[in-house]
Amino acid sequence: MNTSVNLGGIKMKNPVTTASGTFGFGLEYQPYVDLQRLGAIIVKGTTPKPRAGNPPPRIVETPSGMLNAIGLQNPGVERVAGEIMPRLAELGVPVIVNIAGDTVEDYALVARRLDGVPGVAGLEINISCPNVKKGGIQFGSDPRTAVEVTRAVKSVTGLPVIVKLSPNVTDLVGMAEAVAEAGADALSMINTLLGVVIDVDRRRPVLGNITGGLSGPAVRPVAVRAVWQVYRAVSLPILGMGGIMTARDALEFILAGATAVAVGTANFVNPRATVEIVEGIETYMRENGFSDISELVGLAHRA
Amino acid sequence: MSQLVQAEITGHAEPVPGVSRIEFYAPGLARAAGPGQFVHVRCGEGSDPLLRRPISIHAVDRQAGTVKIMFQVVGKGTAWLARQKKGLLDVMGPLGRGFTTGQTRRNCVVVGGGIGAAPLYFLLQELAREGCARQVKVLLGARNAGRLLIKEETERLGFAVRVATDDGSAGHGGPVTELLSEELQANPGFIYACGPVPMLRAVCGMLESAGVPGEVSVEERMACGVGACLACACRVREAAGGENYRRTCVDGPVFAAEEVVW
């Protein structure tokens, strides 16, 4: 049985990875998960300089989901490249670094610094973080700046580049087509959906940042729809994510057209979710007579 | 080392209305746990409520292999948990950095407000085990006599307990910090505190004025519990100067009193 996939040049032994920001730098989960069972690890959004992040509260639970507004807290690309990557590289699992910034130059700077760092197998451009005032989201909602960032990153790195798309746009397919045209090697979708929760007793928003990004099972149908539509329009491989808790959830994304899947919020609920999903996909393939995972990708379109 | 276990519930009580105490069997966790650490408990099988709830460890019996948690029902997660009288609990732990104990901490005062008394009982178990119950003063605050927690069992461990209630129905009438203010006159060597934010803020201010070191256990909304998601940020003063956020789940929940920015 073959579960290996090629995500725009990133070779993964199975289609399961972690969603950026939900798995830290991977090592935090080592007591619970055999990290070597993962197809890849996508680590926390990394910016040129360290970032302190947003004032708390940074999360609030919602029906079958949660809002977060962490604000890209991270130690900066120097520490990621110099201190964290050497430890992660020992695992022998492809590491994809999510990169973010306030300007096009910021993205290029982080991408250039990570080029050639052992263990880094690819970059995921975060043009869709809803929780920082400057940068992130405006790149994700304006196709022209998204194209600019994609081109800038591609021009300074030899690594495969995945562009992570925001669902908070009117024309997701148009955005996907634009960044594909600009040279992206793969697309990941979806980032979180923008939301607000009000504390009725205190009569004010719960989150320090007021708005936050919604994730968890509540967003899954929106995410599956995004994968479904983009798969029909764009030929790039897709990394699907949004509320995946179980292998069956992951299979929905694959059947809708995702080559690989990322598990995010589920890690908080079940720290072994990723490995259980790897095993569940294998069981499904065995029980349903599939010998290669590629047979399942987009299969629902051909039903 | 922290572990993820399906732990059998071995006991359940409601010491005061709206507060539950659950005992479960988890010998590895009981052995590894230290006072001030917490467990991350799944509250339901479906996706609503979705996230685990971080709950401080209230007591351990290493010989019996059992752990107790005590918590106030504040939402649907804790409400679900309070209904569990038997069966298995999905528990991760022990997690976080707890209280530091030892020789230099013996002449100390332990201050608890409301449900904040829960983790302090585990600390008192350890202090009693270290043989310093007679040197330690315990101050417990509550809204009224009927909501006082851990008083009798703390006295059974050999500690002298002073009580404060908001309505004066037991002990001193007024906030527990007024008792602490008296105790600080006697130059204690160290203070341990857990309770609501206004109480902890006041305690930290008093310790700063008195020049007495201490540790406080804080609470913050948490998702992963293992230091990955950066949700549970606590603002602290850095030794090198300036302020920064630290993770309540792995850098806390116990912080040095002088570190926390309220």
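**A buried asparagine and its surroundings**

Author: Start with A:Asn98, which is buried, at a relative accessible area of 1%. Keep in mind that the model is predicted.

Reader: What cut-off makes a residue buried?

Author: Buried means under 20% relative accessible area. A:Asn98 has 1%, so it counts as buried.

Reader: Where is A:Asn98 placed?

Author: In strand 7 of chain A, residues 95-99.

Reader: Which residues does A:Asn98 touch, leaving aside those up to four places away in sequence?

Author: The list includes A:Ser20, A:Lys44, A:Gly45, A:Asn126 and A:Lys164. A:Ile42, A:Val43, A:Thr46 and A:Glu124 are also in contact with A:Asn98.

Reader: Which residues of chain A does UniProt list for "binding site"?

Author: The unreviewed entry gives A:Ser20, A:Lys44, A:Gly45, A:Asn98, A:Asn126, A:Lys164, A:Ile190, A:Gly216, A:Gly242, A:Gly243, A:Gly264 and A:Thr265. Now set that beside the geometry. The lining of the largest cavity includes A:Asn98, A:Gly243 and A:Thr265, among others from this set.

Reader: Take A:Gly243. Is this residue buried or exposed?

Author: Buried, with a relative accessible area of 10%. A:Gly243 sits in the loop that joins strand 15 to helix 7 (247-256) of chain A. Beyond its neighbours up to four places away in sequence, A:Gly243 touches A:Gly216, A:Pro217, A:Val219, A:Arg220 and A:Asp249.

Reader: Now the sheet. How do strands of a sheet pair?

Author: In general, strands pair through backbone hydrogen bonds, either parallel or antiparallel. Here, eight strands of chain A form an open sheet with parallel pairing. Their order is 3-16-15-10-9-8-7-4.

Reader: Which strands stand at the edges?

Author: Strand 3 (16-18) and strand 4 (41-46) of chain A. Each has a single partner strand, so one side of each lacks a neighbour in the sheet. From one strand to the next, the twist averages 25°.

Reader: How many bridges join strand 15 and strand 16 of chain A?

Author: Three, in the parallel sense. Strand 15 covers residues 238-241 and strand 16 covers residues 260-263. Within this pair, A:Leu239 stands opposite A:Ala260.

Reader: Which helix lies across strand 3 and strand 16 of chain A?

Author: Helix 9 of chain A, residues 273-288. This helix runs at about 165° to strand 3 of chain A.

Reader: On to chain B. Which residues does UniProt list there for "binding site"?

Author: B:Cys224, B:Cys229, B:Cys232 and B:Cys249, again from an unreviewed entry. They span 26 residues in sequence, but no two of their C-alpha atoms are more than 10.0 Å apart, so they gather at one spot. From this set, B:Cys229 is in the lining of the largest cavity.

Reader: What does B:Cys229 touch, apart from residues up to four places away in sequence?

Author: Residues of both chains: A:Gly21, A:Ile70, A:Phe268, B:Ala223 and B:Cys224. B:Cys229 is buried at 5%, in the loop between strand 12 (214-217) and strand 13 (233-237) of chain B.

Reader: And B:Cys232, buried or exposed?

Author: Buried, with a relative accessible area of 3%. B:Cys232 is in the loop between strand 12 and strand 13 of chain B. Among the residues it touches are B:Glu220, B:Arg246 and B:Cys249.

Reader: Last point. How is chain B divided?

Author: Into domain 1 (3-95) and domain 2 (103-217). Their C-alpha centres lie 24 Å apart. In contact are 18 residues of domain 1 and 15 residues of domain 2.

Conventions
Residues are numbered from 1 along each chain as its sequence is written. Chains are lettered from A and ligands numbered from 1 in the order in which they are written. This is a predicted model: local features need pLDDT of at least 70, side-chain atom pairs count only at pLDDT 80 or more; totals for chains, interfaces and linings use all residues. Side-chain values use heavy atoms; hydrogens and water are left out. UniProt positions are given in the numbering used here, feature names are shortened, and annotations may be inferred rather than shown by experiment. On a 1 Å grid over the protein atoms alone, a cavity is a set of points where a 1.4 Å probe fits but cannot get out, and a pocket is an open set with protein on both sides within 12 Å along at least five of seven lines; lining residues have an atom within 4 Å of a point. Helices (H or I, at least four residues) and strands (E, at least two) are DSSP runs, numbered from the N terminus. Buried means under 20% relative accessible area, exposed over 50%, partly exposed in between (1.4 Å probe, protein chains only). Contact means heavy atoms within 4.5 Å. Two strands pair if DSSP finds at least two bridges between them. Axes are lines fitted to C-alpha atoms, for helices over the stretch in contact, and angles run from 0 to 180 degrees between N-to-C directions. Domain bounds come from an automatic or database domain assignment.
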